[in-house]
Amino acid sequence: MRGRTDKVQKEQLWGVVFGQAIVLIIMSLLLLRACSVSANASASSQAIETQREPALQQDVLIAQAENRIADNNILGGLALLDVTITQGQPSARVFGARAAAYVRIGDYDNAILDYTQATSLAPDNGDYQFGLCYTQVQVGQYQSALPACSNALQIMPNHFMSWNNRCYIRAYHAGDYEGAVSDCSQAIQIDPNHPYPYNNRARAYLMMGSYQQAISDATRSIMLNNPHSYLALTNRGTAYLALGNGTAALADYETAINSNPEYDEVYARLGELYRWQNESALARQAYCQYLTITDAPLQIVLDRINELGGCG
């Protein structure tokens with residue numbers, strides 16, 4: 001009987017041992033799998049960190065460059081941004097920051113190149129679109145500036161200077177006077193105390209033959225201390241001349257010349273005033289002064305000069 005009992009106990013013992021062995025094997029497999037998953041997760045995490053590291057380094061360098069630029073160390077900021085770009089895979093922020101720095105030193109050509117890169121990488125960034133609009137206006141690329149201004153307005157519909165810049169282009173260079181009036185009216189609604197859109201709208205009204213409205217807007221621009229008052233004065237003087245008020249026109253033209261003697265258009269307008277008054281010698285003098293200043297003389301002025309015997 002005892003032998004039978006020992007046999008049963010031995011069988012139970014082997015069963016326990018076998019069960020424990022199975023458990024150990026299962027635990028070992030689970031542990032190995034956990035280690036594998038952990039290793040893969042670690043490798044994936046390292047890959048993510050490796051990807052993030054260049055972007056973080058760029059942000060740090062850009063911030064340092066922006067700090068230099070804010071402290072008027074423009075060249076130092078540009079040098080740091082150049083280093084950032086040469087490291088490869090530059091972001092829109094890098095090009096945008098460098099473009100803004102170029103604007104600060106008046107290097108609009110390079111600013112345009114960088115704003116073009118920035119808008120390509122981040123087309124939904126309104127600041128970059130406006131930067132491209134602004135710099136293209138500065139170098140006279142008006143047809144290219146129009147879509148950039150429009151893109152900026154789609155993203156930032158309350159952006160005052162985008163409305164004003166597009167108004168300026170339409171009023172002075174694109175011949176879209178109704179569009180200019182609409183744009184400047186939007187700008188004035190946003191900021192009724194800024195002088196620029198009043199002058200630009202005055203220009204559009206002048207070209208549309210709405211002379212009283214042109215006088216009103218030009219006067220408002222002057223009263224708001226437009227730093228480019230010679231533009232508003234020339235527009236208002238021309239509106240006065242169109243209404244037959246030569247005295248008021250002459251006063252505005254002379255004040256415009258005193259404000260900026262290098263503004264070519266005012267001399268052409270002054271020549272027209274003197275011609276209207278049958279002052280041929282004064283008209284010829286004004287036309288010839290225009291010719292010495294302008295880079296692109298109007299054909300009508302050249303014809304007037306030839307009628308008066310030339311400028312030789």
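Is R304 buried or exposed? With a relative accessible area of 14%, R304 is buried, where buried denotes under 20% relative accessible area, exposed over 50%, and partly exposed in between (1.4 Å probe, protein chains only). The model is predicted: local features need pLDDT of at least 70 and side-chain atom pairs count only at pLDDT 80 or more, while totals for chains, interfaces and linings use all residues. Residues are numbered from 1 along each chain as its sequence is written, and side-chain values use heavy atoms, with hydrogens and water left out.

A search of the whole structure returns 13 salt bridges, a salt bridge being a side-chain nitrogen of Lys or Arg within 4 Å of a carboxyl oxygen of Asp or Glu. One of these joins the side chains of E272 and R304, at 2.9 Å from N to O. This pair links distant parts of the chain, since E272 lies in helix α13 (residues 264-276) and R304 in helix α15 (residues 299-307), 32 residues apart. Helices are DSSP runs (H or I, at least four residues), as are strands (E, at least two), and they are numbered from the N terminus. E272 is partly exposed, at a relative accessible area of 27%.

The side chains of R275 and E307 also meet in a salt bridge, at 3.8 Å from N to O. Here again distant parts of the chain are linked, with R275 in helix α13 and E307 in helix α15, 32 residues apart. R275 counts as partly exposed because its relative accessibility is 40%, whereas E307, at 53%, counts as exposed.

A further salt bridge is formed by the side chains of D59 and R93 (3.4 Å, N to O). D59 belongs to helix α1 (residues 2-70) and R93 to helix α3 (residues 92-104), so that the pair links distant parts of the chain, 34 residues apart. Both residues count as partly exposed, D59 at 35% relative accessibility and R93 at 31%. Elsewhere, R166, R170, D176 and D183 are linked in a network of salt bridges.

The structure holds five aromatic pairs. Rings of Phe, Tyr and Trp (its six-membered ring) pair if their centres lie within 6.5 Å; planes under 30 degrees apart count as stacked, over 60 as edge-to-face and the rest as tilted. Y142 and Y168 form an edge-to-face pair, 6.3 Å centre to centre with 65° between the planes. Because Y142 lies in helix α6 (residues 142-155) and Y168 in helix α7 (residues 160-174), the pair ties together parts that are 26 residues apart in sequence. Y168 is partly exposed, with a relative accessible area of 23%. The rings of Y168 and Y172 have centres 5.0 Å apart and planes at 35°, so this pair is tilted. These two residues are four apart in helix α7, and therefore separated by about one helical turn. Y172 is buried, at 17% relative accessible area. Y108, F130 and Y134 form one aromatic cluster.

Helix α10 (residues 211-223) has 13 residues and should span 18 Å at 1.5 Å a residue, in agreement with the 18 Å between its end C-alpha atoms; the expected span is 1.5 Å times one less than the number of residues. Its buried residues are A214, I215, D217, A218 and S221. They pack against α9 (195-208) and α11 (229-242), contact meaning heavy atoms within 4.5 Å. Just after α10, N225 takes a positive phi of about 60°. The charged end of R220 sits over the ring of Y198, 5.7 Å from its centre; the criterion is NZ of Lys or CZ of Arg within 6 Å of the ring centre and within 35 degrees of the ring normal.
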